[in-house]
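Visitor: I would like to go through this model term by term. Please set each value against its definition.

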Amino acid sequence: MNESSSSSSQAMGTIDVDQAFIQEPEHRPSLSTIEGQGIPVIDLSPVTSNNPSLSSINALVKEIGSACKEWGFIQVTNHGVPLSLRQNLLEASKSFFAQSLQDKKKVSRDETSASGYYDTEHTKNVRDWKEVFDFLAKEPTLFPLTSDEHDDRILHWTNKNPQYPPHFRDILKEYIKEMEKLSYKLLELIALSLGLESKRFEEFFGDQTSFVRLKYYPPCPYSHLALGVGPHKDSGALTILAQDDVGGLQVKRKTHDQEWINVEPIPHAYIINLADIIQVWSNGAYESVEHRVIVNSEKERFSIPYFLFPAHDTEVKPLK
Ligand code: OGA
Ligand code: NI
């Protein structure tokens, strides 16, 4: 290598830092990691296998109840979602994000629908180091034009339709069916754990506004200053997330120390977190938990959350 080719456009040791991504010092990821117990891992086989016993379901409901109270974050195994489908969607997501920015912007989110591609999301006014592609569970998804309750104009959102990779839309639709099945099982377990009738939440989800979000976190040259997603709570009912093997999701532990705890990747498991609406329905018994995503200076990371939201006109108040 000659001298001119080794001196690239940026001098060694310096990087161009875009201020929009820079977190306040108190939000920057700490370099030390916390040792200790991670979030609970729960085996869902009592509700996914044939002929489960009543006692195994009761034990599961108890386990879910304490995990919801103590952590608000769970990893579940034996959840019934076919692994091949998850792998297909992950591969499709990789192919989609590997396209040029120009090609990805052909399916950009716009005023007519919140679905599609975008790369400029901010969490608490700091830009997230990520790109996303959103796909609605229901077509059309009905959404109010404004948050004014006297304004009854309703938008009919539809999905963007990427031409690449092939079968992208079919895979997404099949995946959403599986997420719906799993979300109903989880809602039943959560209802039972709160002493409610198992189908108590179902009525709110007929015209649900749920969506699946494909997320791509590129490697970040200043991973000590930026975040993939800044600290936040999810605003829906609950979130079901598939992450790859890179890691980066952190949860704020509810115990006195409020430390950030890594959610370790467990192959094929799903991460479930309670969000704001369950907190209200449960009258605060199950809190929505703060979490964030740290980025990696070398590795790219992919994750796929499914955000479960009720119908737009659901009155969200504590249940009896
Ligand atoms: C989110 C989120 C976590 C992740 O999208 O709300 O918290 O690991 N994602 O991508
Ligand atoms: Ni989140």
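Guide: About 230 Å³ of space lies in the second largest pocket.

Visitor: Before the details, how do you know which features to count?

Guide: This is a predicted model, in which local features need pLDDT of at least 70 and side-chain atom pairs count only at pLDDT 80 or more, while totals for chains, interfaces and linings use all residues. Residues are numbered from 1 along each chain as its sequence is written, chains are lettered from A and ligands numbered from 1 in the order in which they are written, and side-chain values use heavy atoms, with hydrogens and water left out.

Visitor: What makes a space a pocket or a cavity?

Guide: On a 1 Å grid over the protein atoms alone, a pocket is an open set of points with protein on both sides within 12 Å along at least five of seven lines, whereas a cavity is a set where a 1.4 Å probe fits but cannot get out; lining residues have an atom within 4 Å of a point. Grid points are joined across faces, edges and corners, and the volume is the space filled by probe spheres set on them. By this rule there is 1 cavity of 30 Å³ or more, and the largest cavity has a volume of about 40 Å³. Its lining includes Tyr 217, Asn 296 and Arg 301.

Visitor: What lines the second largest pocket?

Guide: Its lining has 14 residues, and Arg 86, Leu 90, Gln 243, Asp 244 and His 268 lie nearest its centre. Helix H4 (83-97) gives the largest share, 4 residues. Helices (H or I, at least four residues) and strands (E, at least two) are DSSP runs, numbered from the N terminus.

Visitor: How does the lining of the largest pocket divide by class?

Guide: The largest pocket, with a volume of about 780 Å³, is lined by 41 residues, and Phe 211, Arg 213, Ser 235, Phe 307 and Phe 309 are the closest to its centre. The lining has 21 nonpolar, 11 polar and 9 charged residues. Here Ala, Val, Leu, Ile, Met, Phe, Trp, Tyr, Cys and Pro count as nonpolar, Asp, Glu, Lys and Arg as charged, and the others, Gly among them, as polar.

Visitor: Which residues coordinate the nickel ion (ligand 2)?

Guide: His 232 (NE2), Asp 234 (OD) and His 291 (NE2) do, at 2.1 Å. Donors are N, O and S atoms within 2.8 Å of the metal (3.2 Å for Na, K and Ca), so these three qualify. Water is not among the atoms, so sites may look incomplete. The donor spacing in sequence is H-x1-D-x56-H. His 232 in strand S10 and His 291 in strand S15 are 59 residues apart.

Visitor: Why is His 291 called buried?

Guide: Buried means under 20% relative accessible area, exposed over 50%, and partly exposed in between (1.4 Å probe, protein chains only). His 291 has 5%, so it is buried. His 232, at 16%, also counts as buried.

Visitor: What makes a pair of atoms a polar contact?

Guide: The pair must be N or O atoms within 3.5 Å; within protein, one must be able to donate a hydrogen and the other to accept it, and residues adjacent in sequence count only if both atoms are side-chain atoms. Oxygen atoms of ligand 1 lie 2.8 Å from a polar side-chain atom of Arg 301 and 2.6 Å from one of Ser 303. Within the protein, the side chain of Asp 128 has such contacts with the side chains of Thr 123, at 2.7 Å, and Lys 130, at 2.9 Å.
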